[in-house]
Amino acid sequence: MASLKIYVWLLSAVAVVAYAQRSLDCQDVYDSGQTSSGVYEIWPEFAPVAFEVFCDMNRVTGHGWTVIQRRIDGSVDFHRDSNEYRLGFGDVIGEHWLGNEQIYQTTYGNGGPMRQYILRVDISDWLGGFEYAEYEGFRVGHVTDNFKLGVLGYLGGGAGDSLSRHNGSDFLTYDVVTNTDANADQYNNRDSGGWWFNDCPTTNLNGQYYSENYGSYDSPYPDKILWRAWRGAFVSYKSVLMKIRPDLSNASQHLQETLQVQETLQVHRGPDIMATTPTIPEYCPELFQDCQDLADGGHTEDGVYGVQPEGFTSPISVRCEFDKGDGWLVILRRLDGSVDFGRVWNQYRDGFGDVDGEYWLGNDAIYLLTNGPRTYELHVDLTRDDLHVAYMRYSTFRIENEASDYILRLGTFVGGEGGADDEIDFHRDMKFTTVDKDNDQHTDLNCAGHYEGVGGWWFNKCYYCLLTGLYTDRIHWGYSGTPYEHVYAAMKLRPV
């Protein structure tokens, strides 16, 4: 009997030692001294058995990343059903999805509630570009929660933030339809792979692998490898890697938020599975950063559209004008004098007017638009009071933020038609001035307040051109040194 007790004790001791030595993730593998990238076995705390993963080891930072997804060549079909996504598929040394069960076991309480995970997404395009995005507090819920996505926040990276909007979304596949969001359901039925879809997806890294035309794809649907924040809604990427590592350095700071994420995943159960035929919306504003994205998607009719440039928290309404595949976003429009442009600073900051008529988009919106990941050129359309038509174009256009008084940063004059002069060159690097905030270069007067009805502008001493003046009296631009007034003017932007 004593020998049996000793034998049981020895087995228990061996089990304790084995548990203490097992690797919960690739960081544990790295910390054990195995610092070369490759295939290793890990055994998360709540996993019934160990499983193989690819560990991406970084000897410079000392991090061991657990790879949960890889796309490199389109050799693996990602249009799979819910069971295949639950268990995983592919080859961990090539294209694969680790498996929702394995991701859940690795990220949900693995190593204790204070151990949260950072997600890093590495993306490359077909032109040799590479960017990444990182997120803190990455979690995937239980199967009874439809493997719901949880992320605490965006940490940064040149690829921009396309995932935060999917926080709290269920993982959907073509054989799983929810009753919470019909618009989300329609995306998982277009050969789009399994993903945390919502009503207007801004990312889908499990979509079809498109390699033709450098990954360009003229559809607003996210059935491609989509990461909208970097190259927009109409590009499918060449490669993508999703990998995670524990963020032990911030464990105490984020304990409460992590517990809140876990509570949300536990309390909010997934909806009942049902069969529906959802209504497919014409398009989702969140998919389009500007009017060029709409043009790339086949839109050709001038009018008001919703877009959401990078940095905006929600879509905004803008006027888009299309010409031979180009999509121009209008930031100023004058056509009938129906809107008073003699406004104060805050109104020019926030924008005013009718987006389908006369309006100023707003300096804050123009700043966010022109200081995002895309570079914009400026096009100015003019119609004189004698109905002579002209336009000018500038290679780049952006403005600084409000703290810098929206300084105008203008590229080179690249030409035009109709004989209009390069009048705006006089206003280059000028601060924005309104009747209640004098930032111009004139020492004796405020250029905005000196002339009746004149609105805000990048005044110098005072102006050579002015598109925010009193209608038919001070919408001003010169031709061969002769000033003219105008009955129509528009400033519009397009990414270069």
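The second largest cavity is lined by Q289, P309, E310, L368, L369, G372, P373, R374 and Y376. A cavity here is a set of points, on a 1 Å grid over the protein atoms alone, where a 1.4 Å probe fits but cannot get out, and lining residues have an atom within 4 Å of a point. The model is predicted, so local features need pLDDT of at least 70 and side-chain atom pairs count only at pLDDT 80 or more, whereas totals for chains, interfaces and linings use all residues. Residues are numbered from 1 along each chain as its sequence is written, and side-chain values use heavy atoms, with hydrogens and water left out. The second largest cavity holds about 40 Å³ of space, the volume being the space filled by probe spheres set on the points. Its lining has five nonpolar, two polar and two charged residues. Two cavities of 30 Å³ or more are counted by this rule.

R384 lies in strand β18 (residues 376-384), strands being DSSP runs of E of at least two residues, numbered from the N terminus. R384 is buried, with a relative accessible area of 9%; buried means under 20% relative accessible area with a 1.4 Å probe, protein chains only. Leaving aside neighbours within four places in sequence, R384 is in contact (heavy atoms within 4.5 Å) with Y479, Y484, E485, H486 and V487.

Strand β6 (residues 117-124) is largely enclosed by the rest of the structure, because eight of its eight residues are buried. Y117, L119, V121 and I123 point one way from β6, and I118, R120, D122 and S124 point the other way. Strand β6 pairs with β7 (residues 130-140) in the antiparallel sense over seven bridges, where pairing requires that DSSP finds at least two bridges between two strands. In this pair, I123 stands opposite E131. The two strands form a hairpin with five residues between them, and G128 in the turn has a positive phi of about 95°. Strand β6 is also joined to β12 (residues 239-246) by eight bridges, again antiparallel, and D122 stands opposite L241.

The largest nonpolar core has 66 residues, of which W360, F397, W458, F459, L467, W477 and M491 touch the most other members. Such a core is a set of buried Ala, Val, Leu, Ile, Met, Phe, Trp, Tyr and Cys residues joined through side-chain atoms within 4.5 Å. A second, separate core of 48 residues includes Y40, V76, L119 and M242.

Definitions and conventions: Buried < 20%, exposed > 50% of the residue type's maximum accessible area, 1.4 Å probe, protein only. Helix = DSSP H or I, 4+ residues; strand = E, 2+ residues; numbered from the N terminus. 1 Å grid on protein atoms, 1.4 Å probe; cavity = no way out; pocket = protein on both sides within 12 Å on 5 of 7 lines; lining within 4 Å. Nonpolar A, V, L, I, M, F, W, Y, C, P; charged D, E, K, R; others polar.
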